[in-house]
Amino acid sequence: MSEQTLVEHLIELRRRLVWTVAVLLLSFLALMPFSQQLYTFVAQPLMASLPQSTSMIATDVIAPFFVPVKVTLMTAFLLSLPHTLYQIWAFVAPGLYRHEKWLIFPLVFSSIFLFACGMAFAYFLVFPVIFQFLAKVTPVGVSMATDIDKYLSFVLGMFVAFGATFEVPIVVILLHRMGVASLEQLKKARPYVIVGAFVVAAVITPPDVLSQTLMAIPLILLYEAGLLFAPLFKPVQTPEQSE
């Protein structure tokens, strides 16, 4: 009986994976005709800061083709992410306790929203400040001609960094909900969080105070938001007690 159950789980897992890949592939194919427009949108913050006589460059022969494709694939992944998470949810939900279902479902989709907010914050607020600063400090006689592939790597890294930063409220709520740390302990950790926020910002962002502050301050405020909403989620002692 257990062997048959395992086979059924594997069949269900394969079905979920097929649907996930299919939706991602369809999203990618639907967006491919707009790959150039998508790349132009991603490159806009830097292009707006470059001198009029300067443009981005491609040092790799195939970069003009593959970089827009990478941007399109990234966009397709983001658009299909809710469906992907739903497939994961549908696969694991039958094995979850009632309180776990009540907790995980809203947290997963709020995580998507917060990650998207982090990316939007980086694109609309942080990137213009960083690129304008870099354009101003470029030495005389040096042309700020950025390679498109390296630019994409930088942008993706910043998207992930700020998206992860905006997940701080979720982390705080989970720490409180799972009983890892009490609300009082989390409040007492504020000084360490403030120092850690600036350390993380110094490591991830370019070496200027302004861009580091643009990451550290939201991280601290998001930690406070987590403390604000954490009391709404009572700590769970054991699965038996929570049912």
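Colleague: Which helix gives the most to the lining of the second largest pocket?
Modeller: This is a predicted model, where local features need pLDDT of at least 70, side-chain atom pairs count only at pLDDT 80 or more, and totals for chains, interfaces and linings use all residues. Residues are numbered from 1 along each chain as its sequence is written, and side-chain values use heavy atoms, with hydrogens and water left out. α4, α6 (168-177) and α9 each supply at least two residues of the lining. With four residues, the helix that gives the most is α4.

Colleague: How many helices and strands does the chain have?
Modeller: Helices (H or I, at least four residues) and strands (E, at least two) are DSSP runs, numbered from the N terminus. Along the sequence the pattern reads α-α-α-α-α-α-α-α-α-α. The count is ten helices and zero strands.

Colleague: What box do the C-alpha atoms fill?
Modeller: The box is taken along the principal axes. Its dimensions are roughly 70 × 45 × 25 Å.

Colleague: What is the volume of the second largest pocket?
Modeller: On a 1 Å grid over the protein atoms alone, a pocket is an open set of points with protein on both sides within 12 Å along at least five of seven lines, whereas a cavity is a set where a 1.4 Å probe fits but cannot get out; lining residues have an atom within 4 Å of a point. Grid points are joined across faces, edges and corners, and a volume is the space filled by probe spheres set on the points. Among the lining residues here are Pro106, Leu107, Ile173 and Phe233. The volume is about 150 Å³.

Colleague: How do the residues of that lining divide by class?
Modeller: Ala, Val, Leu, Ile, Met, Phe, Trp, Tyr, Cys and Pro count as nonpolar, Asp, Glu, Lys and Arg as charged, and the others, Gly among them, as polar. The lining includes Ser110 and Gly226. The second largest pocket has nine nonpolar, two polar and no charged residues.

Colleague: Which residues lie nearest the centre of the largest pocket?
Modeller: The largest pocket has a volume of about 560 Å³. Two or more lining residues come from each of α2 (35-47), α3 (63-92), α4 (98-137) and α5. The lining divides into 20 nonpolar, two polar and one charged. Of its 23 residues, those nearest the centre are Leu78, Phe115, Ala116, Met119 and Phe159.

Colleague: Which elements give two or more residues to the lining of the largest cavity?
Modeller: There is one cavity of 30 Å³ or more. The lining of the largest cavity is Arg190, Val193, Ile194, Ile220, Tyr223 and Glu224. By class, these are four nonpolar, no polar and two charged. The elements are α8 (190-204) and α9.

Colleague: At what angle do the axes of α5 and α9 cross?
Modeller: Two packed helices are described by the angle between their axes and the distance between the axes. Axes are lines fitted to C-alpha atoms, for helices over the stretch in contact, and angles run from 0 to 180 degrees between N-to-C directions. The axes of α5 (148-165) and α9 (209-229) come within 9 Å. They cross at roughly 25 degrees.

Colleague: What orientation does that make α5 relative to α9?
Modeller: Angles under 35 degrees count as roughly parallel, over 145 as roughly antiparallel, 65 to 115 as roughly perpendicular and the rest as oblique. The crossing is roughly 25 degrees. Therefore α5 and α9 are roughly parallel.

Colleague: Which residues of α9 does α5 meet?
Modeller: Contact means heavy atoms within 4.5 Å. From α5 come Ala161, Phe162 and Thr165. By class, the contact has six nonpolar, one polar and no charged residues. On the α9 side stand Leu214, Met215, Leu219 and Leu222.

Colleague: Which residues of α5 does α2 meet?
Modeller: The axes of α2 and α5 are 11 Å apart, at an angle of about 85 degrees. The two helices are therefore roughly perpendicular. The contact has eight nonpolar, no polar and no charged residues. Tyr39, Val42, Ala43, Pro45 and Leu46 of α2 meet Ile148, Tyr151 and Val155.

Colleague: How does the contact of α2 with α3 divide by class?
Modeller: The axes come within 8 Å and cross at roughly 85 degrees. α2 and α3 are therefore roughly perpendicular. Among the residues in contact are Ser35 and Gln36 of α2, and Thr72 and Thr75 of α3. The classes are seven nonpolar, four polar and no charged.

Colleague: How far apart are the closest N and O atoms of glutamate 12 and arginine 15?
Modeller: A salt bridge is a side-chain nitrogen of Lys or Arg within 4 Å of a carboxyl oxygen of Asp or Glu, and the whole structure has four. Glutamate 12 and arginine 15 both lie in α1 (2-31), three residues apart, about one turn of the helix. They form a salt bridge, with the closest N and O atoms separated by 3.1 Å.
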